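Hi,

Here is the structure I promised to pass on. Have a look at it first, and my notes follow below.

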Amino acid sequence: MFIASAHAQTAQGGAGGGDPFFLIMMIGLFAIMWFTMIRPQRKRQKEHQKMVSELTKGNEVVTTSGILGRISQLDDTYVVLSVADKVELKFQRQHVHAVLPKGTIKAIGS
């Protein structure tokens with residue numbers, strides 16, 4: 001009883017020209033997602049990659065785990081941070097979150 005009427009409604013609705021509207025709606029939805037989610041994320045990734053590639057010895061940085069330190073050694077993959085007198089920690093370059101202005105660690109420590 002209900003199946004026959006439901007089948008008749010889908011057959012009629014599918015041939016009624018709803019397909020172009022659905023296609024336009026899907027394209028619009030993708031465009032909205034692109035400009036609100038994907039594009040800003042790619043921009044942040046490019047900025048982070050640029051910042052990581054420009055690291056130099058002596059920069060004061062903060063890692064993604066929140067550790068502050070001064071870069072004492074660099075290579076292609078790793079960075080060694082001096083976090084206190086005679087205390088050095090080795091991190092992957094990708095885990096550097098931000099470069100701090102010179103003197104930040106000294107200002108925080110006092």
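A word on terms before the notes: helices (H or I, at least four residues) and strands (E, at least two) are DSSP runs, numbered from the N terminus. Please keep in mind that this is a predicted model.

Counted that way, the protein has 3 helices and 5 strands. Going along the sequence, their order is α-α-β-β-β-β-β-α. Of the 110 residues, 17% are buried. The accessible surface is about 8700 Å², and carbon and sulfur atoms account for 63% of that. As for contacts between residues at least 6 apart in sequence, 41% of them join residues at least 24 apart.

Two places may interest you.

One is a nonpolar patch on the surface, formed by F21, F22, M25, M26, L29, F30, M33, M37 and I38. Together these residues have about 910 Å² of accessible area. F21, one of the patch residues, lies in helix α2, which covers residues 18-53. F21 is exposed, with a relative accessible area of 59%.

The other is a salt bridge, and the structure holds 1. Which side chains meet in it? They are those of E60 and R70, at 2.5 Å from N to O. E60 belongs to strand β1 (residues 60-63) and R70 to strand β2 (residues 68-74), so the pair ties together parts that are 10 residues apart in sequence. E60 is buried, with a relative accessible area of 3%, whereas R70 is partly exposed at 38%.

Best wishes

Key
Residues numbered from 1 in each chain as written. Predicted model: local features only at pLDDT ≥ 70, side-chain atom pairs only at ≥ 80, totals over all residues. Heavy atoms only, no water. Buried < 20%, exposed > 50% of the residue type's maximum accessible area, 1.4 Å probe, protein only. Contact = heavy atoms within 4.5 Å. Areas by Shrake-Rupley, 256 points an atom, 1.4 Å probe, with all protein chains shown as cover. Patch = residues over 30% accessible without salt bridge, like charges linked within 9 Å, V, L, I, M, F, W, Y side chains within 5 Å. Salt bridge = Lys/Arg side-chain N within 4 Å of Asp/Glu carboxyl O.
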